[in-house]
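Dear colleague,

Please find below the structure that I am handing over to you.

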Amino acid sequence: MPSLSNRPLLSTSADRALVVERTAELTVVGDAVRGGLNVLLTGAPGAGATTVLHQLLRRLPREGQVHPRFVNAAALQTTDELLQESLAELVPAMAVVGGGSTYARFARYGEAPDGVVVLVDNSPLALLQDAFGTHRDEMWQVPVRWVVTCHEQQRADLLATPAGDFFDVVVDLEPLTDVQAASLLRRRTTKDELNGHALRVAVESAGGNPRALIRAARRVVLEGVDPDDLQRDVYRRAEVARGLSRPAAMLLAELVERGPSSASDPGLQAATGWTRSRLVQVLNELERSGAVDSDEHGGGRSGRPRKVFRSRY
């Protein structure tokens, strides 16, 4: 059976065989961590940042006295919650609870053991700005190193705050090369499931994005889409995208991946790092360009109808 799930690859033996490692990025992050530096890891949605963190979780302990801890921050809202989720069990005697002065809240974590590296994923932009911007100086006093992911749409907004000084190294996840993309698909499918022509079309259609690459392969292998039809869709989408702003082109790619979505969808807001009003603005641009269609669905709790957009490609 092909392995075409979009789930991030973990630091397990089973997943290791599926990983096409980003050796250059892993080396830069590893060197930074060993040098006591904090790292911001950015990339387009679906670029594989979560998988990179899980590979660090496996690699770092082999490279010295480093103790990585993975934190999924998607449901966290405050800096206190981030610290507790990351470090509370390492300093149990400190009775870590909320409240107290700012100094006292951060001082509780001063006894964290040496070599701790916290790998933070899926954090809302507001939390990153608060923890590493507003509380930058206090976070500097916590004796751990941080490797934090954020979407490339959030990068400029985050680095414009004092967090720009907190992160010593910024690593951008570049698109996979065609060779890497083909290797990824060959690790997940056989030649009978995805022949050479279909593989080339999938690689061309994805633009080096792992999530888009797997989706293209899934459409051919599991949904029975003709590779030539997929290729025509890619050409038409590329032609339309050339006339769009960069944000609109990025959102179109996200809609192709996610399927029908509205500006009020929390998942779309989290994936793009945009507010509802910003999404409305960019979705309207896509609709004017003819790149998407829309329907109105019955109202939710507010009782108002919800406008749902879907890519035409």
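Tryptophan 146 counts as buried because its relative accessible area is 0%; buried means under 20% relative accessible area, exposed over 50%, and partly exposed in between, with a 1.4 Å probe and protein chains only. This is a predicted model, in which local features need pLDDT of at least 70, side-chain atom pairs count only at pLDDT 80 or more, and totals for chains, interfaces and linings use all residues. Residues are numbered from 1 along each chain as its sequence is written, and side-chain values use heavy atoms, with hydrogens and water left out.

A search of the whole structure finds 5 aromatic pairs. Rings of Phe, Tyr and Trp (its six-membered ring) pair if their centres lie within 6.5 Å; planes under 30 degrees apart are called stacked, over 60 edge-to-face, and the rest tilted. One of the pairs joins phenylalanine 132 to tryptophan 146 in an edge-to-face arrangement, 5.5 Å centre to centre and with 70° between the planes. This pair links distant parts of the chain, 14 residues apart: phenylalanine 132 belongs to helix α6 (residues 125-134) and tryptophan 146 to strand β4 (residues 145-151). Helices (H or I, at least four residues) and strands (E, at least two) are DSSP runs, numbered from the N terminus.

Phenylalanine 132 also pairs with phenylalanine 167, here in a tilted arrangement with 5.2 Å centre to centre and 55° between the planes. Phenylalanine 167 lies in the loop between α9 (163-166) and β5 (169-172) and phenylalanine 132 in helix α6, so the pair ties together parts that are 35 residues apart in sequence. Both phenylalanine 132 and phenylalanine 167 are buried. Ring pairs link Phe132, Trp140, Trp146, Phe166 and Phe167 into a cluster.

As to the chain overall, there are 16 helices and 8 strands. With 313 residues, a compact globule would have a radius of gyration near 20 Å, and the 21 Å of the chain agrees with this; the radius is taken over C-alpha atoms, and the globule rule is 2.2 Å times the number of residues to the power 0.38. The C-alpha atoms fill a box of roughly 60 × 50 × 30 Å, taken along the principal axes. Of the 313 residues, 47% count as buried. Among contacts (heavy atoms within 4.5 Å) between residues at least 6 apart in sequence, 69% join residues at least 24 apart.

Yours sincerely
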